[in-house]
Amino acid sequence: VVADVPVEHPSCSKQHAVLQFRFVVRKDDEWGEKRGRVGLYVLDLDSANGTWLNGERVEGRRYVEVRHKDVLRWGNSEREYVVLVPPKDKEKEKGDVNVE
């Protein structure tokens with residue numbers, strides 16, 4: 001699924017950044033099995049005025065994980081976007097799957 005979100009601000013590029021759900025394999029668990037999960041990531045497309053995550057500039061062309069209640073901002077716009085994704089359960093990582 002692809003969705004364009006128009007940001008009407010002169011400091012924002014036409015293709016400024018990407019939000020993408022990615023499947024990421026994490027380190028082995030205590031039994032030697034690899035575990036993976038889907039997480040939300042932001043990727044700045046080398047925009048001139050940057051993408052901001054929680055007040056810090058996101059490095060261009062690098063995926064950075066976005067978590068529940070993080071704040072995103074594009075370019076020099078003062079408009080902030082609060083991310084609402086299900087928070088991780090600390091005791092049992094919901095959505096984790098074994099990877100072979």
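Leaving aside its neighbours within four places in sequence, which residues is valine 42 in contact with? This is a predicted model, where local features need pLDDT of at least 70 and side-chain atom pairs count only at pLDDT 80 or more, while totals for chains, interfaces and linings use all residues. Residues are numbered from 1 along each chain as its sequence is written, and side-chain values use heavy atoms, with hydrogens and water left out.

**View 1. The surroundings of valine 42.** Contact here means heavy atoms within 4.5 Å. Beyond four places in sequence, valine 42 touches Val18, Leu19, Thr51, Val58, Arg62, Tyr63, Val64, Val66, Leu72 and Trp74.

**View 2. Strand S2 and its partners.** Eight of the 11 residues in S2 are buried, meaning under 20% relative accessible area with a 1.4 Å probe, protein chains only. Two strands pair if DSSP finds at least two bridges between them. S2 runs antiparallel to S1 (residues 17-28), joined by 10 bridges, and glutamine 20 stands opposite tyrosine 41. Five residues lie between the strands of this hairpin, where glycine 32 has a positive phi near 85°. Four bridges join S2 to antiparallel S5 (residues 63-66), and here valine 42 faces valine 64.

**View 3. An open sheet of four strands.** The order is S4-S3-S6-S7, with antiparallel pairing. S4 (56-57) and S7 (81-82) are at the edges with a single partner strand each, so one side of each has no neighbour in the sheet. Two bridges link S6 and S7, with valine 71 opposite valine 82.

**View 4. The largest pocket.** Its space is about 750 Å³, a volume filled by probe spheres set on grid points joined across faces, edges and corners. On a 1 Å grid over the protein atoms alone, a pocket is an open set of points where a 1.4 Å probe fits, with protein on both sides within 12 Å along at least five of seven lines; lining residues have an atom within 4 Å of a point. Among the 24 lining residues, Ala3, Asp4, Val5, Ala17 and Val18 are the closest to the centre. S1 gives the most to the lining, with five residues.

Terms used
Buried means under 20% relative accessible area, exposed over 50%, partly exposed in between (1.4 Å probe, protein chains only).
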